[in-house]
Amino acid sequence: PEAITCHQIESESNAEIRRVLMERYGHDRYLIDSGAKKLHSDDFGTLYRKDVPDDEPLVMIKVVNSTKEPDGTFKDYWLRVPPQFGEWGCTAKSAVAWTFDVPELEYAPLIET
């Protein structure tokens, strides 16, 4: 995985091989290293989109764990969401709500654990 590059991923014509390369590289790392577009950010997270040649776009929401790690830091998590969340007008909140199978208007956690 250390030898895989964004260029190698993006120039791979076989979609299945490209998906394996991307998975091994790490979807989150690929988004950052390949210059994915930051679509929306709010208190719920940050929504990113990367158009992938000859494939559906990679759309993920970056969220921050509300529980501190033993060293006092907060861990980031990346959650893949359907490509439609990468379209204009979608919010980070709507993407997070989707991961809980709840409509955006109903997603209003009182406490994060």
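Here is a short walk through this structure, which is a predicted model.

Let's begin on the inside. In soluble globular proteins, nonpolar side chains tend to be buried together. Here the largest nonpolar core has 14 residues, and those with the most contacts inside it are Ile 9, Met 22, Tyr 25, Tyr 30, Leu 31 and Leu 58. Two or more residues each come from α1 (6-11), α2 (15-25), α3 (27-33) and β3 (58-68). Of these, α2 gives the most, with three residues.

Leaving aside its neighbours within four places in sequence, Tyr 25 touches Ile 4, Thr 5, Cys 6, Ile 9, Tyr 30 and Asp 33. Arg 29 lies over the face of the Tyr 25 ring, at 3.8 Å from the ring centre.

Now for the aromatic rings. The model has five aromatic pairs. One of them joins Phe 44 and Tyr 107 in a tilted arrangement, with 5.6 Å from centre to centre and 55° between the planes. Phe 44 sits in the loop between β1 (37-42) and β2 (45-50), and Tyr 107 in the segment after α4 (92-99), so the pair ties together parts that are 63 residues apart in sequence. Tyr 107 is buried because its relative accessible area of 12% is under 20%, whereas Phe 44, at 26%, counts as partly exposed. Ring pairs also bring in Phe 100, giving a cluster of Phe 44, Phe 100 and Tyr 107.

Finally, look at the cysteines. Cys 6 is buried, at 14% relative accessibility, while Cys 90 is partly exposed, at 24%. The count of disulfides is zero.

Definitions and conventions. Residues numbered from 1 in each chain as written. Predicted model: local features only at pLDDT ≥ 70, side-chain atom pairs only at ≥ 80, totals over all residues. Heavy atoms only, no water. Disulfide = S-S within 2.5 Å. Buried < 20%, exposed > 50% of the residue type's maximum accessible area, 1.4 Å probe, protein only. Core = buried A, V, L, I, M, F, W, Y, C linked by side-chain atoms within 4.5 Å. Helix = DSSP H or I, 4+ residues; strand = E, 2+ residues; numbered from the N terminus. Contact = heavy atoms within 4.5 Å. Phe/Tyr/Trp six-rings, centres within 6.5 Å; stacked < 30°, edge-to-face > 60°. Lys NZ or Arg CZ within 6 Å of the ring centre and 35° of its normal.
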